[in-house]
Amino acid sequence: MHVMLAWFATAPLPAPLRASRLDRFERAAAEVVPETWRRQEFGGDDWGVLVLHPADPGAYRWSTVANEGAVTAVSLGIPVGLDAAAGPAALARRLLAGEDIHREVVPPFGLLALDRDRFALQQDWLGMARVFTGAADGVTAWCTRPGLLAAFLHGQVRPDVAGWTSYTLCGHFGGDLSPIDGTRLLRPGERVTGRRRADGGWHLDTELRYATDDVVCGGYADQGRPLDERLDRAADALTRAAASLHPLHDAEVTLGLSGGKDSRLIAATLIAAGHTPRLVTNDDTRAEGEVARRLVQLLEEKRGMRPDHRTVPAGAPASVLATGLRERARRLAHLHDYQFPSTYLARPVRARLHEATRAASLTGAAGELAVGYWYPAADADPAPTPEQAGLTKLLAGVPHAAAAPEALAAERDRVTAVLAHARGLGLRGEHLVDYLYLVERMRRWCTSAYLTGMVTPFLAPGFVATTFALSVAQKRGRLLHTALIARLVPEWAEVPFVSAATGPSTATRVWEGDGVAAVADLLDTAHGPLTGLMRRPVVEQTLRKAVRGGRPDPRVLQQFTALAVASERLEPGTTRPSTGGTYARVTAPPRPRTPEKGRLDALRWIRRTRLGDRLWVTVRRRVRGR
């Protein structure tokens, strides 16, 4: 995603003050922005907009910055799902006129519209476009990167503890939270408008327009409609989303085709619409590649189609381990302002943003909303409440034993409030779990928010609404996927889906390469408050298990690495000298068991049996009775 900074002040700023703020911003941006990127800047003494983006637009027909007369449009993403034939400036005029131009857009997409002495900034209905806001000393600003926003406003970057608490427990920043203190993400459907006063300075207004709750409640109210009508709405939403991408991108798109259900439905939608996407399959899991190749083979046999199909490993050790874990963590944190999930530490990581514009691609994320992905097993005994199920699924960034108790309690309270809000909307049962998945996991975890052109068709508002119009049983039965695939590409209907339990993965593990040494050193050196969100003894125990060839939980090591590396940068003065002490402990050979210890262990084992426990109690009573 490109970089945008927009600021508006309550009064004109002296030139030296404006220059110092922009200098702080640009020095921070230079660390990740390639020198070849194009710079577009405009403004005055009480406002300014700066946009940095690749000089070559590639195959995109939608300009990042467009000027037409007095109107300037700055697009944050591309408007998939909209009728955008008139161009960016026309869309900007509609926004300035007060229209809800974001009602049908596929997130992420934001738009800043400028016209002489007024402006409007619109967040998408899910709040997915990465536009952060903050204010200081009479200046309100918006930026696509919270770290750069803080550098511009405050001259220093400090961690937001509430945000990092959420990251620790969820694996991503929740709600509107930010990794950086003094900043927050724009809310779903949030619109900011401004008018310049006659004597200089700006008057700002903020309101919430069409947003997530409107989409969800509209779908939930349609549960009584005929099934065919609901399926038609979902199919139409997907088809229109896919079709709207092609006028925006003058090249064939790429689709990540797995062996699962979500990407298969998107591929079927494209094929039924007459498009042949390029296909790529990550075959770290063998079954994924086998099923994807079978789907392509059926297209050739039944339809004479020969799509370009590549199978590649996403996390091959040779490519990942060429860079050490600590450096990968630093790059990942810096590249995306700490917001990428720590699972990406097991993949290659770039040092800077892409030089060139990334080609458009499609992802199957959000299809989980149609299959009850977070629902508890139908035969669970005892069956958890929807609130319990939602909390268990969302708060799974680390095992709870690895989290600081106060951090776990704080995040439970935050998520419980989200569920209470959903109940207030009228949602009941497992639909509460779907709501939580949408507003938390999809909004903040999905990586399409960071990459221009990575399109998530399942976030078409019509499709999302339909998922809330389905019953729990229909979702458990994958009705929407199976019915639409059978309707669009029937030859794929009988090919089984790959599940998470299909087979092992060959992707890199976080402790491989120099991982053990890196995490051990971080345990020695990183002692800022962020690392206090996790229990260090549990991290060390997990690391020892990796050394001894056990099956450690990778979440513990990944999350601690992310927190420790963030602490090094955001909490200066808390890093201690390296001692090597932790590494020596976790790699030391286990102590040999003494005969006495072996006999005691045997006695403890006997007591854990039912008969052994009864004998133990009987003997103890007799001894005490003497």
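Reply: In this predicted model, the buried residues of helix 17 are Gly515, Val516, Ala518, Val519, Ala520, Asp521, Leu522, Leu523, Asp524 and Thr525. That makes 10 of the 11 residues in helix 17, which spans residues 515-525, so the rest of the structure largely encloses this helix. Two aspartates, Asp521 and Asp524, are on the buried list. What lies over these residues? The cover of helix 17 includes helix 10 (325-335), helix 18 (536-547), helix 19 (554-570) and helix 20 (581-587).

Helix 19 also turns up elsewhere. It is among the elements covering the buried residues of helix 4, along with helix 11 (386-394), helix 12 and helix 13 (431-445). Helix 4 runs over residues 161-170, and eight of its 10 residues are buried. These are Gly163, Trp164, Thr165, Ser166, Tyr167, Thr168, Leu169 and Cys170.

Glu411 sits in helix 12, residues 405-424. Is Glu411 buried or exposed? Glu411 is buried, because its relative accessible area is 2%, and the cut-off for buried is under 20%. Setting aside neighbours within four places in sequence, Glu411 contacts Thr165, Ser166, Leu169, Cys170 and Leu395.

Next, a helix pair. Helix 7 (residues 261-272) and helix 16 (residues 479-488) have axes that come within 9 Å and cross at roughly 30°. The two are therefore roughly parallel. Their crossing is left-handed. On the helix 7 side, the contact uses Lys261, Asp262, Arg264, Leu265, Ala268, Thr269 and Ala272. Helix 16 brings Leu480, His481, Leu484, Ile485 and Leu488. By type, the contact residues of this pair are seven nonpolar, two polar and three charged.

Six strands form an open sheet in the order 2-3-1-9-8-10, with antiparallel pairing. Strand 2 (38-43) and strand 10 (184-185) are the edges; each has a single partner strand, so one side of each lacks a neighbour in the sheet. Helix 3 (residues 146-154) packs on the sheet and touches strand 1, strand 8 (132-136) and strand 9. The direction of helix 3 makes about 10° with that of strand 8.

Strand 2 and strand 3 form a hairpin, with three residues between them. Six bridges join these antiparallel strands. Arg38 stands opposite His53 in strand 3. Strand 3 covers residues 47-53, and seven of its seven residues are buried. Both of its faces are covered. Trp47, Val49, Val51 and His53 are buried on one side, and Gly48, Leu50 and Leu52 on the other.

Strand 1 (residues 3-9) goes on to pair with strand 9 (residues 139-143) in the antiparallel sense over five bridges. In that pairing, Phe8 has Thr140 of strand 9 as its bridge partner.

Note on methods: Residues are numbered from 1 along each chain as its sequence is written. This is a predicted model: local features need pLDDT of at least 70, side-chain atom pairs count only at pLDDT 80 or more; totals for chains, interfaces and linings use all residues. Side-chain values use heavy atoms; hydrogens and water are left out. Axes are lines fitted to C-alpha atoms, for helices over the stretch in contact, and angles run from 0 to 180 degrees between N-to-C directions. Helices (H or I, at least four residues) and strands (E, at least two) are DSSP runs, numbered from the N terminus. Angles under 35 degrees count as roughly parallel, over 145 as roughly antiparallel, 65 to 115 as roughly perpendicular and the rest as oblique. A crossing is left-handed if the near helix is turned anticlockwise from the far one by less than a right angle, and right-handed if clockwise. Contact means heavy atoms within 4.5 Å. Ala, Val, Leu, Ile, Met, Phe, Trp, Tyr, Cys and Pro count as nonpolar, Asp, Glu, Lys and Arg as charged, and the others, Gly among them, as polar. Buried means under 20% relative accessible area, exposed over 50%, partly exposed in between (1.4 Å probe, protein chains only). Two strands pair if DSSP finds at least two bridges between them.
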